[in-house]
Amino acid sequence: TIVFSSSAGTQTLPVTFTLGQAPIPLVTTAPASITFNAVTGKFSPALQHVSITNSGNTGTLKWHAIAAGGNWLSVNPTAGTLATHQTTSFTIAASIASTPGPGTYTGAVTIIGVDSFGHPALGSPQVIPVSLLVKPACTFTVASGGLNFTGISGQTVPIDQQIALQVGSSCANKLDWTVATASDSNWLSATVVGTSTPALNVSADLTNLKANNYSGTVTITAHDSVTMQQVGIPQVIPIALTAQPACTLQNPSVTAETFDAKAGNNPGSQTFTIAVTGTCAGTVTIAPSIIFNAGTKWLSITPDTTAITSGNRATFTATVTSASLPVGQYDATIQFSASNSGIAMTNLPQGIAVKLIVEAVIQPVLGTPTPTASPIPTATPTPVPTATPIPSPTPIPSPTPTVTLTPTAAVKT
């Protein structure tokens with residue numbers, strides 16, 4: 001007790017002195033802040049470790065750690081006791097499974113220490129800010145939902161189309177691609193081209209296809225070139241192909257033509273037609289030509305060229321000039337060439353065989369009457385004599401009895 005006296009009076013001040021243990025310092029070894037990085041759909045980031053030391057000379061240190069900011073943040077263990085100069089640690093964990101998706105999440109871990117009397121330790125509490133950056137998963141998408149091809153049946157040049165492959169920004173490494181195709185008649189193929197901006201190149205080969213509708217699929221799979229882990233899910237792309245009928249020059253309306261002529265004369269002309277069908281680009285120009293197997297220039301075709309569109313027929317006239325030809329047989333073949341919009345056509349029809357027969361003319365000899373064949377008399381049929389009927393014999397009449405009357409003398413009695 002302390003007593004204060006003065007002329008004004010006396011005042012007493014009670015004093016209490018307690019001798020206790022000095023405060024225990026709380027020492028931690030942790031960064032000023034902690035940041036976790038993760039990718040959606042992958043593993044949670046690695047744990048972060050924080051150590052705690054009782055640096056005091058006497059007494060024990062009781063500590064506990066509190067995580068705040070969401071259930072994605074946790075600590076383990078959450079509390080403990082340390083003797084003098086003893087050290088321990090706990091872990092801070094961030095779980096991406098507890099987050100709704102990509103984004104940045106913030107929280108904090110608070111460390112509180114007290115001595116055995118419950119007095120706060122020096123430096124308590126300590127707060128460590130924590131953040132979690134969740135990036136979208138490394139994935140890829142296909143820019144198109146499918147492809148449609150249209151071509152000509154039997155064409156030898158494949159049709160190509162490309163689809164852009166869009167790689168996610170969170171992909172840290174280059175992707176390796178695997179492509180598989182499935183189609184009837186094996187007309188479909190595909191490869192990935194490019195690295196920084198990859199694209200799927202799809203090709204349709206119609207060389208061995210008939211006119212019809214075809215379908216197929218392209219399946220593309222990606223793997224991280226470093227971790228070798230599959231990226232995203234395989235993408236299946238439907239492919240449709242329409243093979244249209246080829247632009248075709250049909251067989252001519254006849255396969256052969258025969259001309260008969262008398263020496264010194266020309267036979268009448270003959271005609272034939274030829275049609276164009278299929279998928280043609282504009283008009284088809286048809287040009288007939290002649291190969292002479294015997295004689296020359298005795299056959300001509302008009303017109304020498306003509307142009308028609310698919311679905312129509314062209315008419316040609318074959319004319320024979322045989323007046324100057326000697327007696328005999330002459331043969332030739334009419335062949336055809338055609339082009340569609342200036343491009344030569346290869347599927348050409350068979351030719352037409354042409355035969356010309358020149359016969360001799362029998363000329364009468366002057367001054368000598370031309371014998372006329374006598375008509376053969378018609379045999380007159382000999383009449384068959386009609387049998388004369390034999391007259392029936394006239395019956396001989398029976399002799400009529402004759403009665404002779406002789407007079408007699410009277411008899412006298």
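The model is predicted: local features need pLDDT of at least 70, side-chain atom pairs count only at pLDDT 80 or more, and totals for chains, interfaces and linings use all residues. Residues are numbered from 1 along each chain as its sequence is written, and side-chain values use heavy atoms, with hydrogens and water left out.

**The sheet**
- Five strands make an open sheet with mixed pairing, in the order S4-S11-S10-S6-S8.
- Strands are DSSP runs (E, at least two residues), numbered from the N terminus; two strands pair if DSSP finds at least two bridges between them.
- Strands S4 (34–39) and S8 (79–82) stand at the edges; each has a single partner strand, so one side of each lacks a neighbour in the sheet.
- Strands S6 (residues 61–68) and S10 (residues 103–115) run antiparallel, joined by eight bridges.
- Alanine 67 has valine 109 in S10 as its bridge partner.

**The disulfides**
- A disulfide is a covalent bond between the sulfur atoms of two cysteines.
- The structure holds two disulfides, counted where cysteine sulfur atoms lie within 2.5 Å.
- Cysteine 138 and cysteine 171 form a disulfide with sulfur atoms 1.8 Å apart. The torsion about their S-S bond is about 105 degrees, so this disulfide is right-handed.
- Cysteine 247 and cysteine 280 form a disulfide with sulfur atoms 2.0 Å apart. Their torsion is about 95 degrees, so this disulfide is right-handed.

**Burial**
- Buried means under 20% relative accessible area, exposed over 50%, partly exposed in between (1.4 Å probe, protein chains only).
- Cysteine 138 is buried at 12%, and cysteine 171 is buried at 15%.
- Cysteine 247 and cysteine 280 are both buried.

Conventions
Helices (H or I, at least four residues) and strands (E, at least two) are DSSP runs, numbered from the N terminus.
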